[in-house]
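Biologist: I have not worked with this structure before. Could you take me through it step by step?
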Amino acid sequence: MSKKIHLLYDGDFLRYAVGFANEEFQALYGGKPVFKSGSMVECNEYCTANGLDHDRVEIKKVAAPVAHCLASVKRALGAAVKQTNASAITIYISGSTNFRTKIAKQKEYKGNRKELVKPLLYNDITQYLLKRFNAIKTEGIEADDAMAIKATEIISSDEWEPIICTADKDLYQVPVKVFNVQSGVLTDVSQDPFGELTLKAQGSGSVLKGYGIKFFYSQCLTGDVVDNIPGLSRCGAKNAYKMLAECPDEESCQKVVLEAYKKVYGDDPVERTAWDGSKYIGNYLTLLEENCRLLWMLRERPNKDGTHRFMQWW
């Protein structure tokens, strides 16, 4: 008897993707709307092409009707359920607290996102997910952690099989099926938990793609620019790929990462300055542990006191 699918959906992605998709720029001339577009540049070009006095032009961002946006949210969820043949769905969204903010010393965790603008209907979507779909709002951990924890719990079920639905690369370290909501591609990480790495050209540089625990170790080297995690100093995608590509197992990946950190940072504890100006003592293991804890998706629920048990191999 085949197991039923329990879809674990990344509501954080949904809040931004659908939210921004339901926005556009509107050009007003003398206070009256004259042109709409998804691009501010196109609004300006329209005004110039039509000889409008730019001193009387105002361009602002406007949202689609709330009902229209929420219908888009419902369609997106319905499409994911249909594509994965899911019998149940649980949606997760991140709250305002995150244990990683206390761990990060080298750089402020997600400190590069302070100027990130949220969609105009962000709160409307949030309330819709909470009230209409009973979404789970996490505190202390991220939605990604909650999905990884729940997926790990479901694995042992005789009745259910988990599928994580996301566009976040970090969740590909979890050994379950992961459905990319953007590409529609289903990757069964459980068939190859160790995983693989691929180096791909991107613009004038390169980017690492992959899945499994091998991808996690590559992130220990490269860091994660999206979340402001530094990784190993001066180690980009090409160097990380070169170091790990031929590693046949997890133990060899661990050895490569440990040796790389020790070579760059040294074994002797030294005083270091954290991003907030505070001082701390640490060597290469201190910096490696910080990055590992920031990058690792939790697989177990937090203890009652809010602490977590991390994977530790160093």
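Biologist: Which residue in strand 6 is the bridge partner of Ile 93?
Modeller: The partner is Lys 137. Please bear in mind that this is a predicted model.

Biologist: How many bridges join strand 5 to strand 6, and how do the two strands run?
Modeller: Strand 5, residues 88–98, is joined to strand 6 by four bridges, and the two run parallel.

Biologist: What is the order of the strands in the open sheet of six?
Modeller: The order is 6-5-1-7-8-9, and the pairing is mixed. At the edges are strand 6 (136–140) and strand 9 (186–188), each of which pairs on one side only. From one strand to the next, the twist averages 30°.

Biologist: Which strands does helix 6 touch as it packs on that sheet?
Modeller: Helix 6, residues 143–155, touches strand 1 (4–10), strand 5, strand 6 and strand 7 (160–166). The direction of helix 6 makes about 170° with that of strand 1.

Biologist: How many bridges join strand 2 to strand 4?
Modeller: Seven bridges join them, with strand 2 covering residues 23–29 and running antiparallel to strand 4.

Biologist: And which residue in strand 4 stands opposite Ala 27?
Modeller: Ile 59 stands opposite Ala 27.

Biologist: Now to another topic: at what angle do the axes of helix 7 and helix 9 cross?
Modeller: They cross at roughly 0°, and the axes come within 10 Å. Helix 7 spans residues 212–222 and helix 9 spans residues 250–265. The two helices are therefore roughly parallel to each other.

Biologist: Which residues make that contact?
Modeller: Helix 7 contributes Ile 213, Lys 214, Tyr 217, Cys 220 and Leu 221. From helix 9 come Glu 250, Cys 253, Gln 254, Val 257, Ala 260 and Tyr 261.

Biologist: How many of the residues in the contact of helix 7 with helix 9 are nonpolar, polar and charged?
Modeller: Eight are nonpolar, one is polar and two are charged.

Terms used
Residues numbered from 1 in each chain as written. Predicted model: local features only at pLDDT ≥ 70, side-chain atom pairs only at ≥ 80, totals over all residues. Heavy atoms only, no water. Pairing = 2+ DSSP bridges. Axes fitted to C-alpha atoms, helices over the stretch in contact; angles between N-to-C directions. Contact = heavy atoms within 4.5 Å. Parallel < 35°, antiparallel > 145°, perpendicular 65-115°, else oblique. Nonpolar A, V, L, I, M, F, W, Y, C, P; charged D, E, K, R; others polar.
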